[in-house]
Amino acid sequence: MNVQPDLDFIKDMKSAGGDTLKKCYQCATCSVVCPLSSDGDPFPRKEMIMAQWGLKDKLIGDPNVMLCHQCGDCTAYCPRGAKPGDVLGAIRAYTYKALGWPTGLAKLASSGKNLPILILIPMIIIGIFWKISGSHVPTVEEFARNGYGHFFGHWNFYWLSKNVFFIDIIMLPAAGLAAFAAFKGVTALWQKMSENAGVGDATFRPSAIQFITQFLFPAMVEIVQHNRFKECNANEDRVKGHLPLLLSFVALFIVTAYSAFTQDVLSLLPGINLHGPISMWNPIKILANVGAIALIVGIGILWANRSQKEQEGQATKTFYDWFLIWEIMAVGVTGLLAELLRLVGLPSLGYIVYFLHLVSVMMLFMYMPYTKFAHIVYRTAAMAFEKYRQSAFVKDPLEG
Amino acid sequence: MNDTAGTGAVLVVGGGISGLTAALEAAEVGNDVFIIDKNPYLGGRVAQLNQYFPKLCPPTCGLEINFKRIKENRRVRVHTMTTVKSVSGGPGNYEVQLETAPRYVNSNCTACGDCEAACTVEVDNEFNFGMNKTTAIHLPHEMAFPRRYVLEKDACGADCLEAVKAACKYDAVDPDMQPETRTVNVASIVWSTGWNPYDANKMDNLNFSKSDAIISNMMMERLAAPNGPTQGKIVRPGDSKEPESIAFVQCAGSRDENHLEYCSYICCMASLKHMTYVREQYPDAQIYVFYIDLRSPGKYEHFRDKLMGDEKATFIKGKVADIIAEDDGGVTVVAENAVTGAKIQQKVDMAVLATGMQPALGEQGKVLGVSMDGNGFVVSDADKGMIGAGCAKSAMDVYTTAQSSTAAALKAIQIAK
């Protein structure tokens, strides 16, 4: 028999920090010390041997891979230095890539070698749009009056400002692509998880409302409360970073939604002009600033925490993990810095930083489904699936 | 022979089964031998066992004959409570400083036991891993050689000292004894420094200190030994409950890069042997063995097959990574069964940790010029006349130790010739 090893899978595991997996000798210490692993379906021992054997399809449809929060308790107690926490992270990275659409973009976003291209794509897109909008650079007076409101120039079309129009045509397709890709990926994940768990022939399927109220919403509540994260022992400090970060994302989402509503919708009404920088004492502005600071503090804590774990040999340094940390830090720092430069009135420098801010935001949106950021949708889906799997839709409550 | 002979003598550091073997092999072909031990007795770890492989004899069986050979051989000089302070010189002519700690009992002692009867202070019995008490003046254990009492002076206190001194008819108790140093000149040194049981408290997830129901494999030997704290009855320390169920936790610290990264070799067979101890006393007890791999080298496989056939024994492939103390005095051991993929929470009356062998020589070995590997095992350098033997060299069982020690003696006398 001629057995061909699946070199690509091994390479993927290696590049995402999972090359220690071959050290595993299946003692199952990890499954016992894992605070998140259940009695009936413990992990990550099983996932370790599936990865050693290259059972990709089983791994992609294994909710445990997504339920893992990489606390690192398994890695701390592992007698062999096989770092199961990192291996499961690598399997997640592999899953995002495997389920990613379009495939080319998914592959591009999963390798550190492509980092220059990943940065160049949004730079070129935004640069071109800035160019065709008129290469606007403000004077100090204009800058003081309009802030970044005329970054893409100005026209006298009352209902939709030129700036908002350009931002919309850049960011909406990027976000739309990401949303579509994420939806496609999560659907595929759900299907594979259902196949693996043997729930394909369920007699009753939940309605959309049942799905949201019984599975999705409870999962989201759990996520916001960080219940599982708090069970981690070896890496309990991560909650201190992840929680403010998550809350800052919620705050900044509200700010963005409000801005979109005022700029794109309310502006259509006659007599209302909401363009230009909003007052520092506007509640929305306060929320934005608090959010920005929470974001930088949160990601800063995670940054420090990860560096420390790497120094202690409890985590492997990978592009997969650091890309998201860098990206979020870039969004926070450029955003806040652009605001400060506006307040002190340095137009050229301000415009450069604002440009970089747009670039980093676009990167965050566009690459979301393929990079570590994808956990926001995939882990949520797996947590909802876990509840679904336990529910009466799948399990016969009479048979248990 | 005298202490400064300098004429091809051999120093054997450690008087367990390994050191005894090496010393006797060297002496019986005509070499002068010094054998030292830091304990007040010879026999080492084997003396603490209930039975040992391959024939499951009690330790008296192997040690007694060796003690007899030592007594009859005038070339062997024994120094107990003695450690190596420094080594200088080179192969063929080492100058070694030895320090003997005060025993506070001199050679007048006849082991009559009168002092023990008079002694009012009790101390933890280290020979039994603290599972019972002994008097501050005591015979280290029933078959101690040399057969002489030892006094723990600091624990004893003034009144106690007065009493034991007065009780001794032979004027053997000497509280003024001082540490003694002596220099010996030897051609080569055999390091048969043996092993210590790995400290179970270091595995924080196994909660060794949280429950009396959790014992180590060496404690099991003492519990089962007729001269042990319970006269050989296996009961739960603390409340003396007769166990109805017992779990063996294999690889407790061994094959683990956070603790001992090597396999300690003896623990699988030791636990299987402990099953026979338990079965003999409790025919109905439920036995659970949690393992990663069972290692039964060579012909020991038949022994394993026999015990795996025990109907009331369950073998579970999966390492115990959590032990929870229960209110009724028992414990729950938690593991994942790697065959079924389900987590097991097994409540048992007792859990035995198969703790591994840690080389006893430690960092001090390097100071004395001994080559050691990353795990602290001695790496023999026969040309330099520094030779490792027994468990100082690698984890091994008694009969492999005897082979290793004979080999060490052969190398030692080649320098000493």
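**Where the chains meet**

I began with the interface: 17 residues of chain B are in contact with 17 residues of chain A. Contact here requires C-beta atoms, placed from the backbone, within 7 Å. This is a predicted model; local features need pLDDT of at least 70, side-chain atom pairs count only at pLDDT 80 or more, and totals for chains, interfaces and linings use all residues. Residues are numbered from 1 along each chain as its sequence is written, and chains are lettered from A and ligands numbered from 1 in the order in which they are written.

I then looked at the side of chain B that touches chain A. Strands E18 (331-337) and E19 (342-348) of chain B are the elements that give two or more residues to this side. Strands (E, at least two residues) and helices (H or I, at least four) are DSSP runs, numbered from the N terminus. E18(B) gives the largest share, three residues.

**Two helices**

Next I checked helix H3 (residues 45-52) and helix H7 (residues 84-99), both of chain A; their axes come within 10 Å and cross at roughly 60°. The axes are lines fitted to C-alpha atoms over the stretch in contact, with angles from 0 to 180 degrees between N-to-C directions. Which residues of H3(A) meet H7(A)? I found Glu47(A), Met48(A) and Ala51(A). Their partners in H7(A) are Pro84(A), Val87(A), Leu88(A) and Ile91(A).

Notes: Contact = placed C-beta atoms within 7 Å.
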